[in-house]
Every structure is written in C-alpha cells, then in structure tokens.
Amino acid sequence: MPQLGLLHGRAWAVLFGQLRRPPGAVCIRAVHSHSQVAEAALATQMKPRQEKSNFIIKTPKGTRDLSPQQMVVREKILDMVVSCFKRHGAKGLDTPAFELKEMLTEKYGEDSGLIYDLKDQGGELLSLRYDLTVPFARYLAMNKVKKMKRYHVGKVWRRESPTIVQGRYREFCQCDFDIAGQFDPMIPDAECLKIMCEILSGLQLGDFLIKMSWKDVRHEMVAKKGLAAEVADRIGDYVQCHGGVSLVKQMFQDPRLSQNKQALEGLGDLKLLFEYLTLFGIAEKISFDLSLARGLDYYTGVIYEAVLLQTPAHAEEEPLNVGSVAAGGRYDGLVGMFDPKGHKVPCVGLSIGVERIFSIVEQRMKTFGEKIRTTETQVFVATPQNNFLQERLKLIAELWDAGIKAELMYKNNPKLLTQLHYCENMGIPLVVIIGEQELKEGVIKLRSVASREEVAITRENLVAEIQKRLSES
C-alpha cells in the first residue's frame with residue numbers, strides 16, 4: 001500500500017536522502033512556507049497604495065457563469081448526448097481551443113468574419129475555434145487518418161450579436177458526432193439522422209421538424225447572388241415542396257429532372273436514404289425540404305437541421321422560439337483542403353445545440369418549480385455528541401474507501417439538528433450516526449432522511465447495508 005508523507009520537520013530528511021523511502025512510496029508535500037508569507041507581506045507594504053479602480057463586475061458580453069444548479073442540468077444533458085454517441089461506437093477526441101488562423105480562414109464563407117482572432121504571442125497568428133468540424137478535418141489530414149467515427153464536446157467562440165433568450169452566446173458548448181471514411185452511399189448519413197432523433201426524443205423537448213422559409217432563400221438568390229427572378233421562381237416550384245418518400249418518387253417522374261444526370265443521381269441517393277430511414281424506424285420524423293440552406297461553405301451533400309415546433313411539450317409552458325437545436329450534413333471536400341496532396345476523406349456529421357436545449361430545459365424547470373440537487377452525496381456522517389470528530393473521520397474514510405459518496409460537517413462539535421437539517425435541504429438520502437452509546441455497543445445508527453426511521457447496524461455490516469439500500473432506491 002502506498003505511504004503518504006506530509007513534509008514537515010523530520011520529513012525533510014527524506015528529501016535529502018538522509019532517510020530511506022520505502023519502494024513505491026508516495027510523498028505529498030504539505031509545507032507551511034513562513035519565509036514566502038513574510039516576503040509577500042513585505043512586498044505588499046513596499047508597493048505604493050493604489051486607488052481602487054471604478055469598474056463593473058460582470059461577465060463579458062455573450063458569456064455567462066453557470067451556477068451549481070445549472071451545472072447539474074447541463075451535465076445531465078451532456079451525459080445523455082455522449083452516451084448516445086458512445087452507443088453508436090464513437091471514440092472521444094479533443095483539439096486545442098485555438099488554431100492557426102490560416103487553418104480557419106476561407107472555410108466558413110461569409111461567417112469567417114465572426115472568428116475571434118488572438119493577438120500574436122510568439123510568431124503565430126491564432127484564432128479561437130469557430131466550430132469543432134474544421135479542427136476535426138485538420139486532425140484527420142495532419143495524422144493521415146482515413147476512417148474514424150468520433151465525438152467531441154467542447155467550447156467554441158463566435159463574434160456575433162448574442163441573443164441570450166434564444167440560447168445564442170459568443171462562447172458556447174458544442175457536441176459533435178462525425179463519421180469519416182469511404183463507405184457505401186447514405187449508410188452513415190442515415191445513422192447521423194437516427195442519432196439526432198434518438199437524442200431529441202430522449203430529451204423530451206417536444207416535436208421537432210426540418211424546415212426553412214423559401215422567401216428567405218429566394219431573396220438571397222435574387223438580391224445577393226444576382227439570379228434572375230424568373231429563374232428563382234422556377235427553382236421555387238421544387239424548393240417549396242417538402243415531404244418524404246412520396247415526394248422523392250414524384251420528383252423521379254418530373255421530366256425536367258429525369259433528363260438531368262446529376263439530378264437523377266441526387267434523387268437516387270435520397271431514395272436510398274429514405275429506405276434506410278424506414279428501416280431505422282424514423283422515416284416519418286424526417287421531412288425532405290429543398291428550401292433548407294446552411295451558411296457554411298464546406299457542405300457538399302445532404303444537409304439537415306432540426307427545429308422545435310412552437311407547441312411546447314406541456315400545456316403549462318410558454319412557447320420558446322430557439323430556432324435550430326441540431327444540425328449537420330455531408331462535407332466531403334474539407335479534409336482535402338488541409339492535405340498537401342489534396343487527398344479527400346468523405347465525412348458526414350451532426351452537432352447538437354446544447355445551449356438552446358439548455359434554455360428550454362431551464363424554462364421548463366422554472367415553470368414546474370423543480371428542485372435540483374447540486375451534489376450526489378449519498379450518506380452524511382453525523383454525531384449527537386461533542387468531541388467525536390476523530391470517530392467521524394475514521395467512519396467517513398471507510399465509506400469513501402468503499403466508493404460511497406459521503407460528507408460530514410467541518411466542525412468539532414456540530415449540533416445534531418443542524419446536521420439533519422442540512423441533509424434534508426441537500427436531499428441526502430441516508431445519515432449514519434455515531435455517538436458514545438453506538439461506540440460502546442459496536443454499532444452505527446443508519447437513518448433514512450425521508451422516513452426518519454433509524455436502525456442499528458453492526459460496524460462490519462454497515463457498508464454492505466448502505467450499498468444495498470442505495471441499489472434499491
């Protein structure tokens with residue numbers, strides 16, 4: 001068993017080789033550095049007194065702190081998302097928060113202006129990552145990886161006008177799942193849509209739909225891209241259509257499309273995709289909508305976007321318009337942009353909009369007044385008597401060593417009522433109580449906080465009894 005030493009006085013000899021340290025021993029330094037304290041105090045006295053500056057204590061625009069209650073909700077959402085990614089065989093990956101600026105530019109089209117550039121700190125021009133997709137493509141090209149199924153959870157930064165009410169921030173978390181590699185058509189695409197449906201259904205956010213207004217698309221084509229209005233209207237005949245397998249069949253019969261080789265290939269892929277979606281049991285949840293358009297330049301094939309319907313999941317809730325809560329698509333050319341020889345690695349992926357989902361869940365919890373436990377403590381170690389700190393410390397160490405989540409009050413002589421009130425307020429289910437009588441009889445009292453029932457358990461059976469109760473709850 002590793003030995004832990006607190007370096008103070010005699011333990012200094014171990015450092016200087018005057019005493020032999022047992023093989024494999026671990027030494028933790030816990031030294032009061034009186035000289036450092038004195039030096040710091042002297043330096044403080046010598047510094048000229050500065051006037052307190054006038055400033056507002058706040059988080060930067062478009063960012064926020066997350067309270068312990070919010071972190072509980074956030075972690076539950078992330079756990080559900082990541083567990084789904086793992087269920088589908090994804091490996092975890094992480095990349096730096098910033099990349100070389102040249103790695104990010106020209107990958108996002110018009111959105112490139114939203115990238116945060118960093119000040120030159122050592123000969124490299126850097127930028128904070130805008131999403132997790134481009135860093136993934138850079139990783140694949142740099143490491144010459146041809147096949148990979150990965151998930152990545154991390155923060156990204158966008159220099160845009162934040163809309164806090166809709167869950168839009170300048171710093172936010174993304175949860176990405178991507179499949180890289182050369183595979184038979186539409187199988188990975190169908191799995192990405194299946195994952196999106198699993199996550200949104202599992203979070204019970206209400207109904208979701210893929211849609212985008214043709215009016216906005218037409219305006220961009222005519223006003224910004226210079227397309228003739230009559231050509232845009234001809235395109236609109238198709239674009240305003242949306243549906244499922246029946247729409248794809250209908251388009252196959254259109255002579256203007258059936259005579260175009262590229263259109264036929266695209267329709268063939270869509271027909272195949274809907275066949276797989278039917279086998280996955282989610283075809284009715286997917287709407288084929290030609291009006292959908294994404295702003296990023298790297299998409300090359302099918303793209304998708306999940307938007308929550310205005311109707312809330314529960315009648316008591318107010319509608320919350322948060323826009324897209326998940327999106328993704330195929331980007332077969334992005335890896336080739338980084339590869340010196342232009343070698344392509346086909347990719348398809350999705351991103352879950354955690355911040356927007358978080359906004360919905362937060363509003364729902366406020367509506368229903370749900371109380372959130374901020375800790376996972378299972379057992380509280382209490383005493384009704386004074387001078388029992390040593391016994392409490394020995395007992396809680398036994399629980400910790402057995403893997404039980406336990407707490408005690410950091411006081412020598414706490415009042416029992418105060419300890420029990422703490423358990424009720426924090427939602428801790430069990431209390432173990434040790435006092436003079438229990439010590440004499442070799443037992444520990446185990447109390448249920450909810451029912452207030454107490455039973456005496458022998459010390460050697462305590463851990464087993466606690467574990468049994470926790471497994472039943």
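How many of the 473 residues of the chain count as buried? I looked this up before anything else. The share is 39%. I keep in mind that this is a predicted model.

**Entry: the chain overall**

I counted the secondary structure next. The chain holds 17 helices and 18 strands. Then I checked how far along the sequence the contacts reach. I took contacts between residues at least 6 apart in sequence, and 67% of these join residues at least 24 apart.

**Entry: H3 and H6**

I turned to helix packing. Two packed helices are described by the angle between their axes and the distance between the axes. I started with helix H3, residues 68-87, and helix H6, residues 187-202. Their axes come within 10 Å and cross at roughly 150°. Angles over 145 degrees count as roughly antiparallel, so H3 is roughly antiparallel to H6. The crossing of H3 past H6 is right-handed.

Which residues make this contact? From H3 I noted Met80, Val81, Cys84, Phe85 and Arg87. From H6 I noted Ile195, Glu198, Ile199 and Gly202. I sorted the contact of H3 with H6 by class and got 6 nonpolar, 1 polar and 2 charged residues.

**Entry: H3 and H13**

H3 also has a crossing with helix H13, residues 354-368. The axes of H3 and H13 come within 10 Å, and the angle is roughly 125°. That angle falls between the perpendicular range, 65 to 115, and the antiparallel one, over 145, so H3 and H13 are oblique to each other. I recorded a right-handed crossing for H3 past H13.

On the H3 side I found Gln70, Val73, Arg74, Ile77 and Leu78. On the H13 side they meet Val354, Glu355, Ile357, Phe358, Val361, Glu362 and Met365. The class count for H3 with H13 is 8 nonpolar, 1 polar and 3 charged residues.

**Entry: Val325**

I picked a residue in a strand. Val325 lies in strand S12, residues 324-330. Is Val325 buried or exposed? Its relative accessibility is 1%, and under 20% means buried, so Val325 counts as buried.

I listed what Val325 touches, leaving out residues up to four places away in sequence. The list is Leu200, Ala306, Leu308, Ile352, Gly353, Arg356, Ile357 and Ile360. I also took the spacing of Val325 and Leu308: 17 residues apart in sequence, 7.1 Å apart in space from C-alpha to C-alpha. Ile357 turns up here and in the contact of H3 with H13.

**Entry: Ile433**

I repeated the check in strand S16, residues 430-433, where Ile433 is found. Ile433 counts as buried, with 5% relative accessibility. I set aside neighbours within four places in sequence and looked at its contacts. Ile433 is in contact with Ala382, Thr383, Pro384, Glu438, Ile444, Lys445, Arg447 and Glu454. Ile433 and Arg447 are 14 residues apart in sequence, with 7.6 Å between their C-alpha atoms.

**Entry: aromatic rings**

How many aromatic pairs does the whole structure have? My search gave 7. I opened one of them, Tyr298 with Tyr299. The ring centres are 5.1 Å apart and the planes are 55° from each other, a tilted pair. Tyr298 is buried, at a relative accessible area of 2%.

Methods
Residues are numbered from 1 along each chain as its sequence is written. This is a predicted model: local features need pLDDT of at least 70, side-chain atom pairs count only at pLDDT 80 or more; totals for chains, interfaces and linings use all residues. Side-chain values use heavy atoms; hydrogens and water are left out. Axes are lines fitted to C-alpha atoms, for helices over the stretch in contact, and angles run from 0 to 180 degrees between N-to-C directions. Helices (H or I, at least four residues) and strands (E, at least two) are DSSP runs, numbered from the N terminus. Angles under 35 degrees count as roughly parallel, over 145 as roughly antiparallel, 65 to 115 as roughly perpendicular and the rest as oblique. A crossing is left-handed if the near helix is turned anticlockwise from the far one by less than a right angle, and right-handed if clockwise. Contact means heavy atoms within 4.5 Å. Ala, Val, Leu, Ile, Met, Phe, Trp, Tyr, Cys and Pro count as nonpolar, Asp, Glu, Lys and Arg as charged, and the others, Gly among them, as polar. Rings of Phe, Tyr and Trp (its six-membered ring) pair if their centres lie within 6.5 Å; planes under 30 degrees apart count as stacked, over 60 as edge-to-face and the rest as tilted. Buried means under 20% relative accessible area, exposed over 50%, partly exposed in between (1.4 Å probe, protein chains only).
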